[in-house]
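Thanks for coming. I will go through one model this morning, and I will keep to what can be read from the coordinates.

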Amino acid sequence: MKLKIAIVISSLFMIWSCRPSIEDTADLNVQYWIHGSENCEENIDPPIQVVQYNRNTWILRQNKCTNYEAPFMFLFIGDEKALLVDTGATKDDDSFPLYKTVKQIVDDWTKNNGEVELIVAHTHKHGDHYAADGQFEGKPNTTVLGLEVEDLMTFYKISNWPEEIADLELGNRLMKIVPIPGHQASSIAIYDTATKILLTGDTFYPGRLYVKDWNAFKMSIERLVKFTDNNEISMILGNHIEMTQTAKVDYPMGTIYQPKEHQLPLSVLVLKELSFALTKLGDEPIKEVHDSFIIYPVE
Ligand SMILES: [Zn+2]
Ligand SMILES: [Zn+2]
């Protein structure tokens, strides 16, 4: 009889311990992202897809039918501050209700965890990453950061741009800011010490890596590799997907439909592949196609 009770108790415990809990992390390697439609009039996806990665981390994706860039956005919440990284490619809050979506997540969090201040930051100054800033400006308890290098140096307290790595404390959640100019002058990488996720914006993602300043880009990738040598990385997340699941094949530019997308996360190994390729290419900007990314110099 006693044995029976023990079995019942232990199997109950197994059921309890096996049930999915909010601490579980979404597997972003197999994540099904909304990816547009052949005919956007028939698209029934939400304007913003929200994926909760763990208890205090969310990844959002813009619907390709509102803007073909379909950028990702990221929300990290600490004890005192919430950090939204990027505001997408559309200004209009009817077709792209980003503030409403983020506020809902933060309000739900606040109910159980107390007030947090919202910081709106950006991976860099390109229109598809700050279009909805206006939705956040003037809202209570919200700070929208500027987009110029000087703004970043002031806010993150960086005196030696781009060599210096800065800390941003969200409250029991330290973020690290790594300046990586090259794709654009005020490009930064953002590292979350809690999840070990490294955000690389448009500098490194499964797609066409548009390189504006070749030398700056090369040095930034070198510094980024060094950063990954010194910090544990769970995955590297950029802001777009432009590669298909077929190695070396990207989607046509401006497409609104991307079936069978490459997975979003990239590994440190792939970052090192980029670094090695750039070193080999030397001082001359040259286009080069790799399995998971394309080095793509632009004027
Ligand atoms: Zn972009
Ligand atoms: Zn960009």
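What is the handedness of the disulfide of Cys40 and Cys65? The torsion about their S-S bond is about -80°, so this disulfide is left-handed.

Before going further, the ground rules. This is a predicted model, in which local features need pLDDT of at least 70 and side-chain atom pairs count only at pLDDT 80 or more, while totals for chains, interfaces and linings use all residues. Residues are numbered from 1 along each chain as its sequence is written, chains are lettered from A and ligands numbered from 1 in the order in which they are written, and side-chain values use heavy atoms, with hydrogens and water left out.

Back to the cysteines. A disulfide here is a pair of cysteine sulfur atoms within 2.5 Å, and by that rule the count is 1. The sulfur atoms of Cys40 and Cys65 are 2.0 Å apart. Cys40 sits in the loop between α1 (2–18) and β1 (48–54), and Cys65 in the loop between β2 (57–62) and β3 (72–77), so to speak of the chain, they are 25 residues apart. Helices (H or I, at least four residues) and strands (E, at least two) are DSSP runs, numbered from the N terminus. Cys40 is partly exposed, with a relative accessible area of 26%, and Cys65 is partly exposed at 26%. Buried means under 20% relative accessible area, exposed over 50%, and partly exposed in between, with a 1.4 Å probe and protein chains only.

Next, the metals. Donors are N, O and S atoms within 2.8 Å of the metal (3.2 Å for Na, K and Ca); water is not among the atoms, so sites may look incomplete. Asp128 and His240 are both buried.

The zinc ion (ligand 2) has His124 (NE2), His126 (ND1), His183 (NE2) and Asp202 (OD) as protein donors, at 2.1 to 2.3 Å. Asp202 bridges the two zinc ions, which lie 3.6 Å apart. His183 is in the loop between β8 (174–179) and β9 (188–192) and Asp202 in the loop between β10 (197–201) and β11, so this pair ties together parts 19 residues apart in sequence. His183 and Asp202 are buried.

Why is the arrangement around the zinc ion (ligand 2) irregular? Its 4 donor atoms subtend angles of 89 to 165°. Four donors count as tetrahedral if all angles lie between 85 and 135 degrees; four count as square planar and six as octahedral if opposite donors are over 155 degrees apart and all others between 65 and 115; anything else is irregular.

Last, a sheet. Three strands form an open, mixed sheet in the order β11-β14-β13. Strands pair if DSSP finds at least two bridges between them. β13 and β14 (residues 294–297) run antiparallel, joined by 2 bridges, and Glu288 stands opposite Ile295 in β14. Tyr296 is also found in strand β14.
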